[in-house]
Amino acid sequence: MDPRSPKDSQTELSSFMHPEDANSQGNVHGGSIMKLVDEAGALAAMRHSRRPCVTVAIDSMTFDAPMLVGDLVVLEACVTYVGRTSIEAMVTVYAEKILTGERMLTNTAFVVYVALDDQRRPTEVAPLLLVSEQEKRRFDQGRARQQERLARARRDKES
Ligand SMILES: CC(C)(COP(=O)(O)OP(=O)(O)OC[C@H]1O[C@@H](n2cnc3c(N)ncnc32)[C@H](O)[C@@H]1OP(=O)(O)O)[C@@H](O)C(=O)NCCC(=O)NCCS
């Protein structure tokens, strides 16, 4: 399989935040943002693999700035690491003030997907083409995160 660049699958998704996405103070629910994070990451994973992908792990998420009703949530997703059948996407989330264009970083999340074949079994994905120093650094960091996730999953199973 030919390697594919993270640029080939990078994805931007945006959605206007309505009152039904928020609590009574006007803060958008964390769960609404998490759903969009999962969706943006899945699109990048499916663009990389050109296969249906399911979410196998979502790393912990923190919300560093408020997202309010009337903000445009902008999500940028890019593939950072691939294993044999798994794909890690980094999703960066911004709150954009639609009238001024001001953008505030609210959080960054890492989500892991597994590509499936026609029988819904994990299937091999294209390697990641790493050219820039940033792409290589992100890949090494993604591999370390994945080893930690798998070790955690083993510990959880044992306990
Ligand atoms: C994802 C799923 C197909 C994996 O099945 P499985 O039998 O564990 O398959 P494998 O053991 O071959 O693992 C597949 C890949 O997932 C990775 N993986 C498995 N468990 C993981 C975990 N807890 N965290 C991160 N990666 C994990 C494996 O390392 C492997 O990656 P690799 O091929 O790159 O090395 C299966 O667990 C599943 O169907 N889960 C439910 C998915 C779902 O419904 N998600 C929510 C809606 S999209």
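These legends describe close-up views of a predicted model. Residues are numbered from 1 along each chain as its sequence is written, and side-chain values use heavy atoms, with hydrogens and water left out. Because the model is predicted, local features need pLDDT of at least 70 and side-chain atom pairs count only at pLDDT 80 or more, while totals for chains, interfaces and linings use all residues.

**View 1**
The shell around the ligand holds 13 residues, each with a heavy atom within 4 Å of the ligand. Thr 55, Arg 84, Thr 85, Ser 86 and Gln 146 come nearest. Polar contacts are pairs of N or O atoms within 3.5 Å; within protein, one must be able to donate a hydrogen and the other to accept it, and residues adjacent in sequence count only if both atoms are side-chain atoms. A backbone N or O atom of Thr 55 lies 2.9 Å from a ligand nitrogen. Arg 84 brings a backbone N or O atom to 2.8 Å from a ligand oxygen. Thr 85 uses a polar side-chain atom, 2.6 Å from an oxygen atom of the ligand. Taken alone, the ligand exposes 960 Å², and the protein buries 52% of that (Shrake-Rupley method, 1.4 Å probe).

**View 2. The make-up of the shell.**
Strand 2 (53-58) and helix 3 (133-158) each give two or more residues to the shell around the ligand. Helices (H or I, at least four residues) and strands (E, at least two) are DSSP runs, numbered from the N terminus. The largest share, 4 residues, comes from strand 2.

**View 3. An aromatic pair.**
Tyr 81 and Phe 139 form a tilted pair, 5.0 Å centre to centre with 50° between the planes. Rings of Phe, Tyr and Trp (its six-membered ring) pair if their centres lie within 6.5 Å; planes under 30 degrees apart are stacked, over 60 edge-to-face, the rest tilted. Tyr 81 is in strand 3 (residues 72-82) and Phe 139 in helix 3, 58 residues apart. Tyr 81 is buried at 11% relative accessibility, and Phe 139 is buried at 14% (buried is under 20%, exposed over 50%, partly exposed in between; 1.4 Å probe, protein chains only).

**View 4. Two loop arginines.**
Arg 50 is found in the loop between helix 2 (30-49) and strand 2. Its phi is positive, about 55°, although Arg 50 is not a glycine. Arg 50 is exposed, at 59% relative accessible area. Arg 120 is found in the loop between strand 5 (103-115) and helix 3. Arg 120 has a positive phi of about 65° and is exposed at 60%.
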